[in-house]
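Let's walk through this one together, with the structure open beside the text.

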Amino acid sequence: VLFRSRGYYMEDNVLIRRVAVESVSEKYQVDSGYDVIGKECLKNNIKVKQITMPEIRRIGQQAFFSCTTLKNAEFPKVVTVGKEAFANCSNLRRISFPKSLRSLEKGAFYKCKRANSVSFSEDSACREIPDRTFAECRQMKILVLPDALEEIGAEAFCKCEELTRVRLPDTLRKIGKRGFYQCGLEELHLPEHLEYIGESAFLKCKKLEYVRVPESVRMIGKWAFHGCGRLKKLEIHHDPEEVGEWITNKNCTIVCPKGSKMEAYAKSYEVNVEYL
């Protein structure tokens, strides 16, 4: 049965379509009977500033896309956040995910440029931060990742310029292409089980000064640490299976074993070498 409620249609416990912007107040609470916020439900709504969704499990694709006055969104039981669900919510300030969260989709919080804090419950089952999820969240200063995280997608944190440090969980296996491109990272501790560092993963992280690549890493993509002007030492104690072109600038020193493939690599690119 399809019926109207507060200017929206509801079908099978899904809040699915906007009918009247006037029906939504600046501080809006979704009725407890709703389980899902449907695709484009509040897209381009410039009235709502705060929304509480006490029983919502899934937030659909572009549900809050370009809600440019939205400052606060609470979803204490959410399981899935859809593609670009909050993209371009330029005034959203704090993003906090509950234990129930299992998955995010691409670009979910892309261009939330004033979001200064993103935190996951440590025991969240979320295992992947997909492509461009938090790209261009330019004021992000606090980032707390879930302990179960295994993969950071392409451009997931691209241009998060205020992000100076992050704790990467021990479960992390892959950092995708341009994953932390042009971030403000000053410190970087790569976890001991990391296997893959994608192309340009840390390109132009201009405040980064030191990196040690753990021996679990099998692949380092080209330009992975290039453009990091302050990077003085890149420690690689083993020979990864694959190393791309120009992983670092010439003014950086690669610290590696004498006689290793990494020594030969450094010399071929005229990069300084220091032996362990």
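What follows goes from the sheet to the core, then to the rings and the charged pairs.

First, a word of caution: this is a predicted model, and residues are counted from 1 along the chain.

Now for the nonpolar side chains. As a rule, in soluble globular proteins nonpolar side chains tend to be buried together. Here the largest nonpolar core counts 81 residues, and the ones with the most contacts inside it are Phe-86, Phe-109, Phe-134, Phe-157 and Phe-225. Several elements supply at least two residues each to this core: the strands E10 (94-97), E12 (117-120), E18 (210-213), E20 (233-236) and E22 (253-256), along with helix H1 (261-268). H1 gives the largest share, with three residues. Apart from this core lies another one, of six residues, including Ala-87, Tyr-110, Cys-158 and Leu-203.

Phe-86 is worth a click. Leaving aside neighbours within four places in sequence, Phe-86 is in contact with a whole list of residues, among them Met-53, Ile-59, Phe-64, Leu-70, Leu-92, Phe-109 and Cys-112.

That brings us to the rings. A search of the whole structure turns up 15 aromatic pairs. Why does the pair Phe-86 and Phe-109 count as stacked? Their ring centres are 5.0 Å apart and their planes are at 5°, and planes under 30 degrees apart count as stacked. Phe-86 sits in the loop between strand E9 (80-81) and E10, while Phe-109 sits in the loop between E11 and E12, so this pair ties together parts that are 23 residues apart in sequence. Both of these residues, Phe-86 and Phe-109, are buried.

Further along the chain there is another pair to look at. The rings of Phe-180 and Phe-202 have centres 5.4 Å apart and planes at 5°, so this pair is stacked too. Phe-180 belongs to the loop between E16 and E17 and Phe-202 to the loop between E17 and E18, so the two tie together parts that are 22 residues apart in sequence. Phe-180 and Phe-202 are buried. Ring pairs also link up into a cluster, whose members include Phe-64, Phe-86, Phe-109, Phe-134, Phe-180, Phe-202 and Phe-225.

Lys-43 lies over the face of Phe-65, at 5.4 Å from the ring centre, and Lys-174 lies over the face of Tyr-196, at 4.9 Å from the ring centre.

Let's finish with the charged pairs. Side chains of opposite charge can pair when their charged atoms come close, and this structure holds 23 salt bridges. Take Asp-123 and Lys-99, where the closest N and O atoms are 3.9 Å apart. Asp-123 is in the loop between E12 and strand E13 (128-129) and Lys-99 in the loop between E10 and strand E11 (103-104), so this bridge ties together parts that are 24 residues apart in sequence. Asp-123 is partly exposed, at 47% relative accessibility, whereas Lys-99 is exposed, at 56%.

Glu-155 and Arg-178 meet in a salt bridge as well, at 2.9 Å from N to O. Glu-155 lies in the loop between strand E15 (151-152) and strand E16 (174-175), and Arg-178 in the loop between E16 and strand E17 (196-197), so the pair joins parts that are 23 residues apart in sequence. Is Glu-155 buried or exposed? Glu-155 has a relative accessible area of 16%, so it counts as buried, while Arg-178 is partly exposed at 24%. These two also belong to a network of salt bridges that links Arg-132, Glu-136, Arg-138, Glu-155, Glu-161 and Arg-178.

Technical notes: Predicted model: local features only at pLDDT ≥ 70, side-chain atom pairs only at ≥ 80, totals over all residues. Heavy atoms only, no water. Core = buried A, V, L, I, M, F, W, Y, C linked by side-chain atoms within 4.5 Å. Buried < 20%, exposed > 50% of the residue type's maximum accessible area, 1.4 Å probe, protein only. Helix = DSSP H or I, 4+ residues; strand = E, 2+ residues; numbered from the N terminus. Contact = heavy atoms within 4.5 Å. Salt bridge = Lys/Arg side-chain N within 4 Å of Asp/Glu carboxyl O. Phe/Tyr/Trp six-rings, centres within 6.5 Å; stacked < 30°, edge-to-face > 60°. Lys NZ or Arg CZ within 6 Å of the ring centre and 35° of its normal.
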